[in-house]
Amino acid sequence: MKENSINAQDNIYKPAIMKVVAKHDEAPGVKTLRIEFVDPVEHERFKTTYRTGMFGLYGVYGEGESTFCVASPETRKEYIECTFRQSGRVTSVLANAEIGDLITYRGPYGNRFPIEEFYGKNLLFIAGGIALPPTRSVIWSCLDQREKFGKVTIVYGARTVADLVYKHELDEWMERDDVELVLAVDPGGESPDWKHKVGFVPTVLEQAAPSPDNCIAVLCGPPIMIKFTLIALKKLGFDEKSVYTTLENRMKCGVGKCGRCNVGSVYICKEGPVFTADEVSRMPAADL
Amino acid sequence: MTRILFADKLDNCLERWRSAGISVIGPVKKSNSSGYSAVTKAAEFDFNLVLPERSIKELFFPQSEPLMRYEIKKQEINTSEFKAPTSERIIFGVRPCDAAGLAIDDPLFGWDYQDEYWFQRRRETVLVTIACTKADDFCMCTSLKLTPDSEKGSDILLRPLENNSGWQVEELTDRGREAFKIIADLLQESQEKAAPTAVVEEKFDLEAALAWLKEPENFESHFWKEISMRCIGCGSCTFLCPTCHCFDIQDEGDTYSGIRRKNWDSCSFALFTMHTSGHNPRSTQSARWRQRIMHKFNYFPGKFNLNSCSGCGRCSRQCPVDMGITETLQELSKLLR
Amino acid sequence: MSIVEQYRTKVKELLSSGQVKMVIGYGAGTTPDRRRPLFMRSPEDADKMLLDNACIANLSGYLVSEGLLSDEKRVAIMLRPEGVRSINILAAESQLKAEQIVIVGFDTAGEELRAIEGSEAKDFCALIDSLKESAPLQAPDPLFERIVQMSPQERFNYWQEEFSKCIKCYACRQSCPMCYCRRCIVDSNQPQWINTSSHTLGNFEWNIVRAFHLAGRCVACGNCDRSCPVNIPLRFINRRMGMEVLEVFDHFPGMSESQEPVLASFKKDDPETFIL
């Protein structure tokens, strides 16, 4: 958890140039870009530092930079995938990027999920809406070395069927025998042909009742979902120290200087974005 | 016997340093505002200022620093980096609190990732500090366990003579010794006594305040609302502060060419932490003032074992509504009793 | 009874009778010459209240910050005549309801502190009328006269030097009762209308845009000018704009809560000298 990627380049504010190689519409307003390093040296640096959980600053010169996680796993470092909702100035331009276009990337920054500590354990992934991308990075990092883990359960919910992201991958996980996928949409969000659960993530989780024994939970979602899911996990007997989550905040530098991403004394960009629920519970709630 | 730099030799010093390719900067008052600016003649210095209004920070961390020039063509992005200047300079007449402020920010700018814009300038600059013989109602270095003749961050410490005709010279670092070697023969040995340093009363009990801030339950104390009620949310205190280091990164230009800049930003501003979604972790002015105090006196010491305040008092001195660190810490230290 | 005692009694009454939930006034500052805003919520708080010639700041901006008035309860505030004009403008621009504000009026013009009768903005109309009459006769300021006499190029150079000092701390905006926008134009980034950087161009853009936004709305309280940590004489810009608006549209802002904002309303006989 304490490892940090040290950026060796001289100018810590200079981004790498990336080429958009694939683009996918995930949900209304939500897109995934697959980008590749133009400079092999930068790519090599990424390969040696990137671990799942880290984030980056994706940018377009003339607009600025925007922070989101690396949604691709540490087992696939030939490219970076990022999934984002088109909402601000930068994401609006990124969303319109075409294959072949050049964008910028700074990172990877921050800490990571300590995957090695999960070896031999059962894994429970819980995600809500647009927060599947950080979870997905861990999911594939584990599925790509499936033999090292026990049972894998994924609970994923979104507001409506349309809002589910990575639909093609959800189908793939649904078909796998070695993954249990529980899908849900909020009441009212179901379509006529929806065959899965209807309900909020915490409720659906309680019904699925995964065992806390020898189990690590990875939880990502909007703050309100996190709050109630943590209560549900506690009821199920999960220890806060074995529940991991990621936090995000507005960032400008990504390297602990610009002074805005801290929650209490904790800099999300350097000490995070990955925290255990136990660590989060010790942060001042009013600052989240 | 001490080595003395007499004020009437200052023009010669400036000449020597200039010949050696070193530029000189000092406290200057112009257009009804004071700060540290380039000086070519000794007469331009204003050593009578208790403290220049603008801090020394801008000489190391400019309010707007160009980082990259970009030019975008079809399938091509060309960038050229702006680098911090490599020319040597002496800042003559630094106040001890300003020099200390720079030393406080060094670990922040070097924390795992080196900000070369800061460190390049730090390496090329010699800080010649003048001990304070005057203070005003807002000075509070002693409350921060510094003194009006603190050596922290300085390369040379000058002590004004009693008769105000010059300064006793104390060389503190190799960098300072190098710079003063150039003017060595202009210094004189003399018995002249130094004027007493300013008396700055301790305005608050720092330890008591720090202890209060450490208590997690105080984070949501009503105190924060009360103390910050009159805060209007401008960035004056943070921008004048020698240690406040927060910044924004902004692109200026269009889709084809422009400049990416690193601009001062302030935790006082509502927009500072606002998410694109509209969620703002620090949505009230009291939360933002709490952040400023907690950052300086709890988070920063937790990380770097230093309080992020050198006691210059600018935040209180120039606050439009007469707030500031002094008042807050005074009130805080009373809460324990 | 001195004015201060008289007003302390008044504040106590207002608070103890429950007529208002808060009185915004002035208290002692860090140094003897400083006054700071004081928020009085219990009658005892009135003992900390001060009133004298050093009470210069226009406190009306606090009324529209962070939802103070959202509970519909009344708030009292100590104001000089310019402050009352601010209340009228804020009411005319639908930022507050004038009847929710109890005014404790005072004036320090001519060195002598005096109380002004009245408790709601409308009670001060006659006084403000007379201010309009005397507006063109404002005390001359040598520097202002000098700037007016400058050639456009000299004037440009003068302001360029002044604005080069600007650090974009936005103390001018934050201290101004008229700058109540939830999102200031300088904070909008889609599109980015104004450079956020504090360089000569960005500083110019900011200060000129602010001057335009205050044309016909500024009551010349001087908050911006006094707040500026680098001493840019902002009062002159707004004063000049105010003179222009008075001359062209015969508009003196803040006469009453029903006065239409001059640049946001249209009259058939409005002069159109600005159309080239």
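Two strands pair if DSSP finds at least two bridges between them. Helices (H or I, at least four residues) and strands (E, at least two) are DSSP runs, numbered from the N terminus. The model is predicted: local features need pLDDT of at least 70 and side-chain atom pairs count only at pLDDT 80 or more, while totals for chains, interfaces and linings use all residues. Residues are numbered from 1 along each chain as its sequence is written, and chains are lettered from A and ligands numbered from 1 in the order in which they are written.

**Sheet of chain B**
- In S5(B), B:Glu76 is the bridge partner of B:Lys73.
- S4(B) and S5(B) run antiparallel and are joined by six bridges.
- Four strands form an open sheet with antiparallel pairing, in the order S5-S4-S12-S11 (chain B).
- S5 and S11 of chain B are the edge strands, each with a single partner, so one side of each has no neighbour in the sheet.

**Contact between chains**
- Chain B gives 43 residues to the contact and chain A gives 34 residues (C-beta atoms, placed from the backbone, within 7 Å).
- On the side of chain B that touches chain A, S11(B) gives the most, with six residues.

**Helix pair of chain A**
- The axes (lines fitted to C-alpha atoms, for helices over the stretch in contact; angles run from 0 to 180 degrees between N-to-C directions) of H5 (201-208) and H6 (223-235) of chain A come within 8 Å and cross at roughly 20°.
- H5(A) and H6(A) are therefore roughly parallel (angles under 35 degrees).
- Residues of H5(A) that meet H6(A) include A:Val201 and A:Leu205.

Technical notes: Two residues are in contact if their C-beta atoms, placed from the backbone, lie within 7 Å. Angles under 35 degrees count as roughly parallel, over 145 as roughly antiparallel, 65 to 115 as roughly perpendicular and the rest as oblique.
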